[in-house]
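Could you take me on a walk through this structure, one selection at a time? I have it open in a viewer and would like to know what to click on next and what I will find there.

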Amino acid sequence: MSDGEAELRALLRAADASVRVPPGLADRVRAVDAAERRRRAAWRTLVAGMAAATVAGGIFLAGYLAGHRAAERPPALAPAAPAPHVLTVYNADPACWKARPAGCAVSIKDVPHTRDGAVLARVWHGDDVQGVCAALGDLAADESGVASTRWYRVTARGVTGWLPAARTRTVADLPACPLP
Amino acid sequence: MGRMGSEGHAEDDFDHVFCALLPRLYRRAVLLTGQAQAEDAVHEAYLKLRRRPHALVGHPEPYAYAFSALTSVVRDTWKRGRRQVLIEAPTTGWDGGIADRDAELEVARLLSGLTVRQRAAVLLVDLDGYTIDEAADLLGVHRGTVSRSRERALAALRRTLRGGRA
């Protein structure tokens, strides 16, 4: 092995050792998947419920046709309530935590791109928005340097648009947005 | 029922294996794509691998398999990024001011002239200790590609060293 190779390997090892794995990484990485699992479980419950309702309905129909009125209808299937995904807007600049000047506003955009698209609504630090799903878009960073290519589709102020993940510190348990 | 039970076991095994690999994968993601996008990259790799949990759990070298998936994710993201207008990447203080990142930044500079796949080849050979043939096989590239990638990284290293001495 040449000196150059040894030096390259030493640099790579030093770089590797210098990387600190952020706390809670495993939970965040698996967060969306947890939502997917819950959806699957809800789907299985729904399918099982529909099957039970179909069987019960068949029995009811058979009894009706035989001239016997069923004493009771099968109970209506309760729709699965969607899990709430409330994201709280975060502005890294402490000067923006109390006042709400225009310069402190965070844009909700119609596309998950930093420079393209239109601003649909503006929100400020501490505002709650309703998360819909997550997707990848442009890299967006906040003033503290936290950066992510993840964007959340959110509903705020009556409109639905895109909020950069860097603009919230909520660990969002959102499903992936369907591909366009 | 049996199938669902089997799937449940596979998912648990997958989570166990992936979480054991996660710190190492994250560190590699930082070297491949930078700290700002490393978490997103391992997250996407997780979702990609999760579609076929048996493939990771049953692989003779789960790390190598996961690393290959991570490389694929980073490449796809890089290709997509070329079609988008990105904001300017923060250059100082963006990671909370961690002072001991000189080596990481140095490596980023050395690898900056390489494609994602070439970077991955260098990491597999010179950091993880795979042979050139093994790395080429894992990444689905010719062994000459791996050799050339290392040569380019070494050339960049020599240029950097010359610059440092000047």
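This is a predicted model: local features need pLDDT of at least 70, side-chain atom pairs count only at pLDDT 80 or more; totals for chains, interfaces and linings use all residues.

A:Arg157 belongs to the hairpin formed by β5(A) and β6(A), which has 2 residues between the strands. In the viewer you will find A:Arg157 in the loop between β5 and β6 of chain A. Its phi is near 55 degrees, a positive value in a residue other than glycine.

Is A:Arg157 buried or exposed? A:Arg157 counts as exposed because it has 12 C-beta neighbours inside 10 Å.

Now widen the selection to both strands of this hairpin. Strand β5 covers residues 147-156 of chain A and strand β6 covers residues 159-164 of chain A. The two strands run antiparallel and are joined by 6 bridges. To see individual pairs, pick A:Ala156, whose bridge partner in β6(A) is A:Val159. Then pick A:Thr155, which has A:Thr160 as its bridge partner in β6(A).

Stay on β5(A) and colour its residues. Of the 10 residues of β5(A), 8 are buried, so this strand is largely enclosed by the rest of the structure. As you look along the strand, here is a handy rule: in a regular strand the side chains alternate between the two faces of the sheet.

How many bridges join β4(A) to β5(A)? There are 8 bridges, and these strands run antiparallel. One pair to click on is A:Ala140, which stands opposite A:Ser148 in β5(A). β4(A) and β5(A) form a hairpin too, with 5 residues between them. In its turn, select A:Gly145, which has a positive phi of about 95 degrees.

Reading from the N terminus, the order is α-α-α-β-β-β-β-β-β. Chain A has 180 residues, and buried residues make up 27% of them. Among its contacts with a separation of 6 or more, 60% are between residues 24 or more positions apart.

Bring chain B into view and look at where the two chains meet. The contact takes 37 residues from chain A and 39 residues from chain B. The largest share, 12 residues, is supplied by α1(A). By class, this side of chain A divides into 17 nonpolar, 7 polar and 13 charged residues.

For the last stop, select residues 116-127 and 132-139 of chain B, which are helices α6 and α7. Two packed helices are described by the angle between their axes and the distance between the axes. Here the axes come within 9 Å and cross at roughly 140 degrees. That angle makes α6(B) oblique to α7(B). The crossing of α6(B) past α7(B) is right-handed. Show the side chains where they meet: B:Arg117, B:Ala120, B:Ala121, B:Leu124 and B:Val125 in α6(B) meet B:Ile132, B:Ala135, B:Leu138 and B:Leu139 in α7(B). Sorted by class, this contact has 8 nonpolar, no polar and 1 charged residues.

Note on methods:
Residues are numbered from 1 along each chain as its sequence is written. Chains are lettered from A and ligands numbered from 1 in the order in which they are written. Two strands pair if DSSP finds at least two bridges between them. Helices (H or I, at least four residues) and strands (E, at least two) are DSSP runs, numbered from the N terminus. A residue is buried if 20 or more other C-beta atoms lie within 10 Å of its own, exposed if 12 or fewer, and partly exposed in between; C-beta atoms are placed from the backbone. Two residues are in contact if their C-beta atoms, placed from the backbone, lie within 7 Å. Axes are lines fitted to C-alpha atoms, for helices over the stretch in contact, and angles run from 0 to 180 degrees between N-to-C directions. Angles under 35 degrees count as roughly parallel, over 145 as roughly antiparallel, 65 to 115 as roughly perpendicular and the rest as oblique. A crossing is left-handed if the near helix is turned anticlockwise from the far one by less than a right angle, and right-handed if clockwise. Ala, Val, Leu, Ile, Met, Phe, Trp, Tyr, Cys and Pro count as nonpolar, Asp, Glu, Lys and Arg as charged, and the others, Gly among them, as polar.
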